[in-house]
Every structure is written in structure tokens, then in C-alpha cells.
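Trainee: I would like to go through some of the labels used for this chain and ask what each one rests on.

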Amino acid sequence: MSTTLDDIQQKRQQLAERLARIDAERAKLAEQLAELEAAERVLARFTKARSSPMRGGRRASATQNTAAAEPRRRRRAAPKPAGVSLADATLRAVAAHGHGASAEEVRKFLADQFGMQVRANHLGMALQRHRRAGRLEQRELLWYPRASAPDSAIARTAE
């Protein structure tokens with residue numbers, strides 16, 4: 001019986017050692033993979049930067065062919081709305097919500113009523129400019145038209 005237990009213990013030890021070797025090799029392969037991915041990213045940057053060939057030859061024509069085969073991705077400017085500026089639209093949106101409007105409600109109103117897709121930071125800057133100018137006030141994370149603000153500014157934007 002003790003020989004069977006010894007055999008089991010020996011097999012267990014061998015399997016544990018084998019598992020440790022496999023884990024070490026897996027970690028080594030993971031490091032190599034990470035290095036290869038980093039090298040691939042660096043090479044991708046350099047090949048994009050060298051899209052205009054300096055000299056003629058096989059290398060330059062190969063670069064031209066790969067650059068021509070890949071469609072260029074350029075960021076296009078968003079079309080400007082033909083009517084209202086962000087400042088005026090923001091005032092109209094806040095005025096439309098008589099009970100106070102959160103910034104997200106203002107963004108939704110701008111999208112629905114004016115078709116404006118406004119980034120959150122741009123809207124925040126517009127709201128803060130109106131607050132500093134005295135046209136809006138913020139209470140408990142809601143925006144309200146300032147009661148002491150000249151009604152002509154809000155009425156002018158409502159036209």
C-alpha cells in the first residue's frame with residue numbers, strides 16, 4: 001500500500017514540475033508575443049510615415065502599391081448647421097425646459113430640434129459661458145434661465 005502511495009506522490013510531483021515548466025514557457029511566450037506586437041505597432045507607424053518614397057526602386061514602388069491599395073481614412077469635419085449657433089441653441093434649449101434642464105437634456109434637445117450633435121465638453125463650455133455672462137444659472141445640476149437676466153437675450157434667441 002505504501003508503494004502505491006509513493007507512486008502516486010511521485011507522479012504528482014512529476015506533474016507539478018511539468019506544470020511549472022509549462023507555466024514558465026507560457027509566460028516566456030506571452031512576453032515574446034507582447035514584444036512582437038510592440039514591434040508591429042512601431043513598424044506600422046514608420047510605414048505610414050514613409051508613404052512618400054525618397055528614392056525610386058522596388059522598395060518605393062511596393063510602398064506606393066500598398067498605400068494605393070489601402071483606402072485613406074481621414075476625419076471629416078462635421079457639417080455646420082445652417083441655422084443657429086451653439087450659443088443661441090443652448091439658450092433656446094434651456095428656455096424650453098421651464099423646470100430646469102440637465103446638460104444631457106440640453107444635448108438631447110439640440111439633437112432633436114436642431115439636428116446638432118454636440119460633444120459634452122463643448123456643451124459644457126457653452127453653458128459655462130452663458131453662466132459667466134449672467135444669462136444662465138445652475139442649481140442642483142440643472143440649468144435655468146437667469147431671472148435677473150435681460151429677457152431680450154432669451155427672447156432674441158427664441159425668434
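Predicted model: local features only at pLDDT ≥ 70, side-chain atom pairs only at ≥ 80, totals over all residues.

Trainee: What makes the span of H4 close to the expected one?

Mentor: H4 covers residues 103–114, twelve in number, and reaches 16 Å from its first C-alpha to its last. The expected value at 1.5 Å a residue is 16 Å, counted over one less than the number of residues.

Trainee: How do you know that the buried residues of H4 line one face?

Mentor: Val-106, Phe-109 and Leu-110 are buried in H4. Seen down the helix axis, the buried residues fall within an arc of 100 degrees, so they line one face. An α-helix has 3.6 residues a turn, so residues three or four places apart point the same way. On the other side of H4, Glu-104, Lys-108 and Asp-112 are exposed.

Trainee: What covers the buried residues of H4?

Mentor: The cover includes helix H3 (86–96) and helix H5 (120–133).

Trainee: Why is Glu-140 called exposed?

Mentor: Exposed means over 50% relative accessible area. Glu-140 has 77% relative accessibility, so it counts as exposed. Glu-140 sits in the loop between strand S1 (136–139) and strand S2 (142–145).

Trainee: Why does Leu-141 count as exposed?

Mentor: Its relative accessibility is 69%, and the cut-off is over 50%, so Leu-141 counts as exposed.

Conventions. Residues numbered from 1 in each chain as written. Heavy atoms only, no water. Helix = DSSP H or I, 4+ residues; strand = E, 2+ residues; numbered from the N terminus. Buried < 20%, exposed > 50% of the residue type's maximum accessible area, 1.4 Å probe, protein only. Arc of directions from axis to C-beta. Contact = heavy atoms within 4.5 Å.
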